[in-house]
Amino acid sequence: MNRGALLKVVEAKYTRTDLPEFRPGDTVRVAYRVKEGNRTRVQNFEGIVIKVKRNGYNTSFTVRKVSYGVGVERIFPLNSPLIEKIEIVQRGRARRAKLYFIRELSEREIRRKLRADRKRIGQDQERARVAKEEAEAAKAATQAVSEGEAPAE
């Protein structure tokens, strides 16, 4: 087994699969665990994804937000155990893979350049609806079994 294949086998154990797929241009809310002294808390960081660096296990993404008139960028390792969850707030349609140009734009110009991607928003809503229906069906089947009835299929 060569070195690359061996690395993939070892890294597969630590790779996160519970996070949603997102692209540059999407607005995300990252819940990140922060340690302060002897206690930890979850801190949300919401902004536009301007870059996704794909490098296997070492994949990272950069999120940019404007806080009190100052632009703030933060780089998150995708497979970090400190990430509680990533929530997609808005899907954006970007024409480039790296959105460094938005550093010089105002909020209004950014909104104009990164229009909402209606197609991907519709797909997300459809997936959520199907997942909800499946959860309700599973709950009904579990309830029927607990009452001693045969599950209706």
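Let me begin with D18, which counts as exposed because its relative accessibility is 55%; here buried means under 20% relative accessible area, exposed over 50%, and partly exposed in between, with a 1.4 Å probe and protein chains only. D18 forms a salt bridge with R16, and the closest N and O atoms are 3.1 Å apart. By salt bridge I mean a side-chain nitrogen of Lys or Arg within 4 Å of a carboxyl oxygen of Asp or Glu.

A word on the source: this is a predicted model, in which local features need pLDDT of at least 70 and side-chain atom pairs count only at pLDDT 80 or more, while totals for chains, interfaces and linings use all residues. Residues are numbered from 1 along each chain as its sequence is written, and side-chain values use heavy atoms, with hydrogens and water left out.

I stay with the salt bridges. Side chains of opposite charge can pair when their charged atoms come close. How many salt bridges does a search of the whole structure find? The search finds 14. One of them joins R33 to E84, with the closest N and O atoms 2.6 Å apart. This pair links distant parts of the chain, since R33 is in strand β1 and E84 in strand β5, 51 residues apart. Helices (H or I, at least four residues) and strands (E, at least two) are DSSP runs, numbered from the N terminus. R33 is partly exposed at a relative accessible area of 30%, and E84 is partly exposed at 36%.

A further salt bridge brings together the side chains of R103 and E73, at 2.7 Å from N to O. R103 lies in the loop between β5 and α2, and E73 lies in strand β4, so the pair ties together parts that are 30 residues apart in sequence. Both ends are partly exposed: R103 has a relative accessible area of 36%, and E73 has 32%. Finally on this topic, a network of salt bridges links D26, R91, R120, D124 and R127.

T27 is in strand β1, residues 27-36, and is buried, with a relative accessible area of 19%. Not counting residues up to four places away in sequence, T27 touches E46, G47, I48, E87, I88, V89 and Q90, where contact means heavy atoms within 4.5 Å. S60, in strand β3, counts as buried at 13% relative accessibility. Leaving aside neighbours within four places in sequence, the contacts of S60 include K51, V52, K53 and I75.

Next, the surface. M1, L6, V9, V10 and Y14 make a nonpolar patch of about 560 Å². Patches consist of residues with over 30% relative accessible area and no salt bridge, with like charges joined within 9 Å and nonpolar side chains (Val, Leu, Ile, Met, Phe, Trp, Tyr) within 5 Å. Accessible areas come from the Shrake-Rupley method with a 1.4 Å probe.

I close with the backbone. Which residue other than glycine has a positive phi near 55 degrees? That residue is Y68, found in the loop between β3 (60-67) and β4 (70-77). Most residues other than glycine have a negative phi. Y68 counts as exposed, because its relative accessibility is 84%.
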